[in-house]
Amino acid sequence: MGIKENLERLKEINQQAESGGGADKVRKQHEQGKLLARERIDILLDRGSFVELDRFRTHDCTDFEMDQKKIPGDAVVTGHGTIDGRLVFVYSQDFTVFGGSLSGVVAEKICKVMDLAVKNGAPIVGINDSGGARIQEGVVSLAGYADIFLKNVTASGVVPQISAIMGPCAGGAVYSPAITDFIFMVKSSSYMFITGPDVIKAVTHEEVTKEELGGAGTHNAKSGVAHFLAENDKECLLMIRELLGFLPSNNLEDPPVRPTEDDPLRRDKKLNDLVPDNPNRPYDMKEIIQAVVDEGYFYEVQQDFAANILVGFARLGGRPVGIVANQPARLAGCLDIDASVKAARFIRFCDCFNLPIVTFVDVPGFLPGIVQEHNGIIRHGAKLLYAYAEATVPKLTVITRKAYGGGYIVMSCKNLRGDVNLAYPTGEIAVMGPEAAINIVFRDALEKAEDPVKEREDLAADYRRTFANPFKASELGYIDAVILPEETRPALIRSLEMLKNKRDANPPKKHGNIPL
């Protein structure tokens, strides 16, 4: 075959690859409000930076007349490009080609870019839009999933792994996104579940829609499987670009510093009035976070799940940090099972990728109740404790109000290797709250008192003066400084500067045994 024929053949293959499964399927994809695989990549990556790999590969299946249905690239587009000039590897499943189903070749293409991502120390973004395993290939497609899962596991903690669910993701396919660091979902067009509504109806006689079972709202608010919710494909892809701006490319790099015009010594006097004098009054911890971080911008993670704790990314003096904070506006800031697991996994991600952890504490303790105990609050709460104790990145803690009992301990206290622990004058650090404490310690005195109400008030006030304040803890060295709330930003930025060369390590071991 001559050069001219080869050029014609190349042109033909490129046209076939770019047209996907054909005009009808392309139109149907667009009618559903979904972008095509290549359109998604174009939005995700810097303009003109995408380099495609394995464009000419086709499936190997000859059964069911599949040898007559071959499309260059098969059902996934793979390659690399840049986001804000930084290298990123990507794969984007093409639902217009065999419903995006996973063949042996599709799995090989995905594994190839994942290997390249690890070798080159760059994030991997997987765009999922697939009907599942390719039935015609049988065990070959199942083995392909296993190969991908293994790559996910070996890449975990080495490079950031981001999953975008932008269509169906069902059956065994859900486990690859589940292993990755963050999952994005799109309203109305994406869903994840192990078994679909039809199977559930047949087995358990329960009737449920796809959206109710595994839609974006369900996994963002109820299950906690997903971390971000987007209105449409474009917003989802732009959100991924924004997230990667906070993260290093791999576990050996520091997060990217971004210049800021926000004065690192800025003091915000409104912070002095945000924490109410009444210890039982709620307030919004987000207001404190936004008043402290650069430009007031907090990129929240899992904002609709376990809202009694806040996690997310921000910058202090241009440096990206991970934020963990109790939320007194929800469940009084109590820790429960969902909040413990949510925070623990986020803390471990930050520790993997060299992001300092800043913790804002206002916690009365763990949520009491039979349901919490029977569902394993001990085991799940231990995950949070374990994550903080294990983390070797810089850890800064600010106690804004309550820090009682086990809640004080697990929220990055000094004894869990907290580097800098600060408290507001409103801080209450004690084994338990005044009301509960005096009921135990002064039970006899209260029973004998002529005026039990006044006696209780006097004892509570004395307890706060003696125990439930930050000064006793500061005297004992458990708090490094008691600061005015308006001093929070400069105090944290100075501490980060001091800790920028911190070196700490855990004992040599294969891995710990976190109480999963």
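Accessible areas here come from the Shrake-Rupley method with a 1.4 Å probe, and for residues only the protein chains shown count as cover.

**View 1. The whole protein chain, a predicted model.** The chain exposes about 23800 Å², and carbon and sulfur atoms supply 54% of this area. Its C-alpha trace spans about 105 × 55 × 45 Å along the principal axes. Of its 516 residues, 53% count as buried, meaning under 20% relative accessible area (1.4 Å probe, protein chains only). Residues are numbered from 1 along each chain as its sequence is written. In this predicted model, local features need pLDDT of at least 70, side-chain atom pairs count only at pLDDT 80 or more, totals for chains, interfaces and linings use all residues, and side-chain values use heavy atoms, with hydrogens and water left out.

**View 2. H219 in helix α9.** Let's zoom in on helix α9, which covers residues 216–221; helices are DSSP runs (H or I) of at least four residues, strands (E) of at least two, numbered from the N terminus. H219 counts as buried because its relative accessibility is 9%. Beyond its neighbours within four places in sequence, H219 has contacts (heavy atoms within 4.5 Å) that include M185, L213 and V225.

**View 3. Strand β15 and its partners.** In β15 (residues 420–423), V420 and L422 point one way, while N421 and A423 point the other way, and all are buried. Strand β14 runs parallel to β15, joined by 4 bridges; strands pair if DSSP finds at least two bridges between them. Here L396 stands opposite V420. Strand β17 also runs parallel to β15, with 2 bridges, and A481 is the bridge partner of L422.

Methods
Buried < 20%, exposed > 50% of the residue type's maximum accessible area, 1.4 Å probe, protein only.
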